[in-house]
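Reader: I would like to check the labels on a model against their cut-offs. Please go through them one at a time.

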Amino acid sequence: MTLRTVLHAFIVAGGLVIIGLTPADAVESIQELKSACEKGSASACASLGRMYMEGKVASQDDAQSVKFSRKACLGRNMVGCTNLGRMYELGRGVEKDHFQGVKLYHQACEGGEPMGCNNLGFMYQNGDAVDPDMTQARELFRKSCDGGIALGCNQLGVIYLRGIGVRKDTTESLEYYRKACNLGDTESCVDASWLKKGKLY
């Protein structure tokens with residue numbers, strides 16, 4: 001069995017989780033969020049940014065996602081900063097700008113948002129707009145893992161299993177795969193099982 005490639009992603013948590021809404025309810029909820037956002041609720045702005053980004057409840061609209069994510073970030077909502085950073089990294093709704101993405105991820109991570117740390121970790125690992133630095137990447141993944149981000153835990157599992165910037169350590173790798181598994185990453189559960197049997201490489 002081979003390791004899967006883990007890619008960082010948009011954070012799926014925001015100020016609001018909306019499940020099972022009818023189209024009419026969804027429109028009403030969006031209007032309520034817009035009203036709250038206009039009145040200064042940064043978490044409502046972040047939720048709108050996420051909804052427009054994902055296109056699950058609202059129609060996917062990158063420009064609207066950028067607009068509301070930026071407003072959330074300006075309101076010191078670190079989820080908004082993280083999502084805005086991702087939009088800059090990918091060039092969705094804005095011109096691609098890895099430097100701006102790094103800046104926003106730094107802001108989010110320093111503000112306590114673990115997904116911001118996770119995404120910044122990948123920037124340091126890949127050398128995107130920063131000098132490659134596996135020590136820095138590893139610490140950022142550890143912050144994201146400690147903050148409950150399964151992707152960060154999984155990536156630490158990959159790093160220790162492959163010996164990326166560190167000595168190979170299957171015990172350490174297994175610990176992080178188990179952490180990711182406990183956080184709901186089912187593929188990490190499989191990886192942990194295979195690693196325990198000595199069949200993951």
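Author: The turns below set values from this predicted model against the definitions behind the labels.

Reader: How many helices and strands does the protein have?

Author: The protein has 10 helices and zero strands. Along the sequence the pattern reads α-α-α-α-α-α-α-α-α-α.

Reader: What share of the residues counts as buried?

Author: Of 201 residues, 48% are counted as buried.

Reader: Why is the pair Asp-62 and Arg-92 called a salt bridge?

Author: The nitrogen-to-oxygen distance between the two side chains is 2.7 Å. The cut-off is 4 Å between a side-chain nitrogen of Lys or Arg and a carboxyl oxygen of Asp or Glu, so the label applies. Five salt bridges are found in the whole structure.

Reader: What parts does the bridge of Asp-62 and Arg-92 tie together?

Author: Asp-62 belongs to helix H3 (residues 62-74), while Arg-92 sits in the loop between helix H4 (78-90) and helix H5 (98-110), so the bridge links parts 30 residues apart in sequence.

Reader: Why is Asp-62 partly exposed and not buried?

Author: Its relative accessibility is 21%. Buried requires a value under 20% and exposed one over 50%, so Asp-62 falls in between.

Reader: How do you know whether Arg-86 and Glu-89 are buried or exposed?

Author: Arg-86 has 10% relative accessibility and Glu-89 has 6%. Both values are under 20%, so Arg-86 and Glu-89 count as buried.

Reader: Why does the pair Lys-179 and Glu-175 count as a salt bridge?

Author: The N to O distance is 3.7 Å, and the limit is 4 Å, so the pair qualifies. Lys-179 and Glu-175 lie four residues apart in helix H9 (residues 170-182), about one turn of the helix. Lys-179 has a relative accessible area of 30% and Glu-175 one of 36%; with the limits at 20% and 50%, each is therefore partly exposed.

Reader: What makes Leu-183 partly exposed, and where does it lie?

Author: Leu-183 is in the loop between H9 and helix H10 (186-196). Its relative accessibility of 40% is between 20% and 50%, so the label is partly exposed. Leaving aside neighbours within four places in sequence, Leu-183 has contacts that include Cys-145, Gly-148 and Cys-153. Leu-183 and Cys-145 are 38 residues apart in sequence, with their C-alpha atoms 9.3 Å apart.

Reader: Why is the link between Cys-37 and Cys-45 called a disulfide?

Author: The sulfur atoms are 2.0 Å apart, within the 2.5 Å cut-off, so the pair is a disulfide. The torsion about its S-S bond is about 100°, so the disulfide is right-handed. At relative accessible areas of 1% for Cys-37 and 2% for Cys-45, both residues are under the 20% limit and therefore buried.

Reader: What torsion makes the disulfide of Cys-73 and Cys-81 right-handed?

Author: The torsion about the S-S bond is about 95°. The S to S distance is 2.0 Å. Cys-73 is buried at 7% relative accessibility, and Cys-81 is buried at 0%.

Reader: How many disulfides are there, and which pattern do they follow?

Author: There are five disulfides. Counting bonded cysteines along the chain, the pattern is 1-2, 3-4, 5-6, 7-8, 9-10.

Key:
Residues are numbered from 1 along each chain as its sequence is written. This is a predicted model: local features need pLDDT of at least 70, side-chain atom pairs count only at pLDDT 80 or more; totals for chains, interfaces and linings use all residues. Side-chain values use heavy atoms; hydrogens and water are left out. Helices (H or I, at least four residues) and strands (E, at least two) are DSSP runs, numbered from the N terminus. Buried means under 20% relative accessible area, exposed over 50%, partly exposed in between (1.4 Å probe, protein chains only). Contact means heavy atoms within 4.5 Å.
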